[in-house]
Amino acid sequence: MKKILKEQEIVSPGNDPHTPANINIKSYENNRFYKDLCAPFEGEPTRDRMEVVQSDAKGEGLISLVHINSGQVAFKFFGAFLNEQTLFTLQKSSGLYVEDPFVMGKVLHSCDPNLICDMKTLTFTAIKPIATGDYLTMDYETTEDELYRKFECQCGSQKCKGPIKGRAQSQNQ
Ligand SMILES: [Zn+2]
């Protein structure tokens, strides 16, 4: 049974209610993926910077609408802390997961990804230049001991690992 932990354990990486002065507050508010979920925070994903798209081959994914330099923060995410995995969780620590079905949960896997995820700060940072229209991708085996849904990767990268099962299982092979 999925259990949502108590409210004070639902965190956002920042809780800064202030947005930079040069941002039109109304359009910013309308671009927020997390509009009804939490107060605005610095680095949160917005619809002017990324978009959820449906692709036949990959299912739903997240593409960037802007150029992102290598080393630049792509976005920080917000989610509910759960004691079990879902399709939209990443693992924070053993037995503890963060669920965000709106943005983070749409990031697709690649064995040669353009993002790295820091689960301490719930931050995605670019590890290569990202062009407008590129899928935002991460390596699921960098956060998950065991994947909620294991799959045979067809990311097409020369570094493709094939079966994606999770950190623990890949290490034990
Ligand atoms: Zn792959």
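Residue numbers start from 1 on each chain and follow its written sequence. Because the model is predicted, local features need pLDDT of at least 70 and side-chain atom pairs count only at pLDDT 80 or more, while totals for chains, interfaces and linings use all residues.

**View 1. The hairpin made by β1 and β2.**
Strands here are DSSP runs of E with at least two residues, numbered from the N terminus. Strand β1 covers residues 50–55 and strand β2 covers residues 59–64; the two run antiparallel and share six bridges. That counts as pairing, since DSSP has to find at least two bridges between two strands. Three residues sit between β1 and β2 in this hairpin. Look for Ser 55, which faces Gly 59 in β2.

**View 2. Leu 122, in the loop between β8 and β9.**
The loop links β8 (115–118) to β9 (123–126). Most residues other than glycine have a negative phi. Leu 122 isn't a glycine, yet its phi is positive, at about 55 degrees. Is Leu 122 buried or exposed? It's buried, because it has 22 C-beta neighbours inside 10 Å (buried takes 20 or more other C-beta atoms within 10 Å, exposed 12 or fewer, partly exposed in between, with C-beta atoms placed from the backbone).

Ala 126 is buried, because 21 other C-beta atoms lie within 10 Å. Leaving out residues up to four places away in sequence, Ala 126 touches several others, including Ile 68, Gly 71, Ala 74 and Leu 115 (contact means C-beta atoms, placed from the backbone, within 7 Å). Pro 113 is 13 residues away along the chain, and its C-alpha is 8.9 Å from that of Ala 126.

Conventions:
Helices (H or I, at least four residues) and strands (E, at least two) are DSSP runs, numbered from the N terminus. Two residues are in contact if their C-beta atoms, placed from the backbone, lie within 7 Å.
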